[in-house]
Amino acid sequence: MKANLHVHSRISDGTEWPAEIAQRACRASLEWVSLTDHDSLGGIEEFQRAASALGLKSTPAVEIDCTATAIGYRSELLAYFPRGRYEHTARFLMEVQKQRLAYIRASIHRAQRHFVKAQLSFDELLDHKRRGRPELPAEEFSFNKVDLYQYFKARGLLSQDITYRAFKKAYLETGLLAGPSCEKPGCAELIRIVHADEGLVVLPHIGHEFDDSAGVLLREQRRFKAMLTYFTDLGLDGIELYWYRNGDTEDINKIVAAEAKKRKLMITYGSDCHGPGSGKETLGLFWGDFKGFET
C-alpha cells in the first residue's frame with residue numbers, strides 16, 4: 001500500500017491537527033499513514049478516527065528521543081503498535097512530557113529576563129500552540145524547542161528570516177534561554193518498553209548520522225554497519241527509508257535497503273512531514289509500497 005509512516009502534528013512540533021493531516025493524506029492519495037509525534041501518543045485517537053472515516057489505514061505510532069552513548073547516538077527511534085496496545089509506552093512517555101513541559105516553562109522564565117519589555121508568558125505560548133482548541137490542557141502536548149522559536153517569532157522578538165537552526169545555536173545551545181536539559185532515555189531501555197507492548201521499533205532517517213550524504217555513508221560503511229549491529233543486538237525490528245531534502249534520497253535508501261535485507265530487518269517509509277509553513281511540508285513527496293508490519 002502507498003504508505004508514509006512518519007508525520008507530526010501540533011501535538012508535538014507540526015503545524016496541523018491530527019485530523020487535518022489525515023484529510024491531506026487522503027487528498028495526496030496515500031493509503032497508509034501513521035502519526036509519529038515526538039514523545040507523545042496524545043493525537044493518536046483523533047488521527048485514527050479521522051483516518052478510518054476517510055478509508056485510510058493507520059497504525060498507532062510515536063517517535064521517541066533517545067540516546068546510545070556506546071555509539072554516540074543522540075536522536076530518535078520510531079515505535080509502531082500494530083496490535084493497538086501501548087500502555088507501558090504511554091506511561092513512560094507521561095514522565096518524558098513532564099520534563100518537556102518543565103523545560104519550556106524554565107526557558108520562558110529565562111526569556112522574561114532577557115526580553116524584559118516583551119511581557120512573555122507560558123500561558124501565551126500555550127495559546128499560540130493550541131490555536132483554535134482552548135480546551136486542551138498543557139499536559140496534552142509534547143513541548144519542544146520549536147515552540148520557543150515559533151512563539152518568539154510570532155511576538156516579533158526574532159528576525160523573520162532567522163532559521164530555527166540559527167535560533168537554536170544562538171539562544172539555546174549557548175544556554176542564554178534554555179531551561180534544564182531533558183534527560184533522554186537509553187535506546188536499550190526504550191526498546192524493552194516498546195516490546196513489552198508488543199510494539200515494533202524502527203531506526204529512522206539513518207542518513208542524518210552521515211550528513212544526509214550517500215558519499216559519506218559509503219566512506220563510513222564500517223561505522224554504518226557497526227551502528228546497525230548495535231541496534232539489532234538490542235532487538236531493533238526495522239529501518240526506515242526516508243526523504244532527504246538534499247537530493248541524495250535514492251542513493252542513501254538504496255544502501256540502507258540492501259543492508260536491511262542482509263539483516264532481515266523490516267523496511268518502513270517516512271517523509272518526516274511537519275506540515276505547511278514548517279519548512280518540512282513533505283507529506284506527498286515520499287512514500288513506499290508497504291506490505292505491513294510483521295508481528
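The model described here is predicted. Strand S6 covers residues 238-242, and because five of its five residues are buried, it is largely enclosed by the rest of the structure.

Strand S6 belongs to an open sheet of five strands, arranged in the order S3-S4-S5-S6-S7 with mixed pairing. S3 and S7 stand at the edges of this sheet, each with a single partner strand, so one side of each is left without a neighbour in the sheet. From one strand to the next, the twist averages 35°.

Strands of a sheet pair through backbone hydrogen bonds, either parallel or antiparallel. The pairings of this sheet are set out below, in the order in which the strands lie side by side.

| Strands | Bridges | Direction |
|---|---|---|
| S3 (residues 61-68) and S4 | eight | antiparallel |
| S4 and S5 (residues 200-203) | three | antiparallel |
| S5 and S6 | two | parallel |
| S6 and S7 (residues 266-270) | five | parallel |

Glu 63 stands opposite Leu 78 in S4, and the bridge partner of Leu 78 in S5 is Val 202.

Strand S4 (residues 73-80) is mostly covered, with seven of its eight residues buried. S3 and S4 form a hairpin with four residues between the strands, in which Gly 72 takes a positive phi near 70°. Another contact between these two strands is that of Val 62, whose bridge partner in S4 is Ala 79.

Aromatic side chains are a second theme of the model. With ring centres within 6.5 Å taken as the limit for a pair, the count comes to 20 aromatic pairs. One of them joins Trp 17 and Phe 141, whose ring centres lie 6.2 Å apart with the planes at 50°, so the pair is tilted. This pair links distant parts of the chain, since Trp 17 lies in the loop between strand S1 (2-7) and helix H1 (18-27) and Phe 141 lies in the loop between helix H4 (122-129) and helix H5 (145-154), 124 residues apart. Trp 17 is buried, with a relative accessible area of 4%, and Phe 141 also counts as buried, at 1% relative accessibility.

Phe 115 and Tyr 171 form an aromatic pair that is tilted as well, at 6.4 Å centre to centre and 35° between the planes. Here too the pair links distant parts of the chain, with Phe 115 in the loop between helix H3 (87-114) and H4, and Tyr 171 in helix H6 (residues 164-172), 56 residues apart. Both Phe 115 and Tyr 171 are buried. They also belong to a cluster linked by ring pairs, whose other members are Tyr 149, Tyr 151, Phe 152, Tyr 164 and Phe 167.

The charged end of Lys 57 sits over the ring of Trp 32, 4.8 Å from its centre, whereas Arg 105 lies over the face of Phe 122, at 4.1 Å from the ring centre.

Methods. Residues numbered from 1 in each chain as written. Predicted model: local features only at pLDDT ≥ 70, side-chain atom pairs only at ≥ 80, totals over all residues. Heavy atoms only, no water. Buried < 20%, exposed > 50% of the residue type's maximum accessible area, 1.4 Å probe, protein only. Pairing = 2+ DSSP bridges. Axes fitted to C-alpha atoms, helices over the stretch in contact; angles between N-to-C directions. Phe/Tyr/Trp six-rings, centres within 6.5 Å; stacked < 30°, edge-to-face > 60°. Lys NZ or Arg CZ within 6 Å of the ring centre and 35° of its normal.
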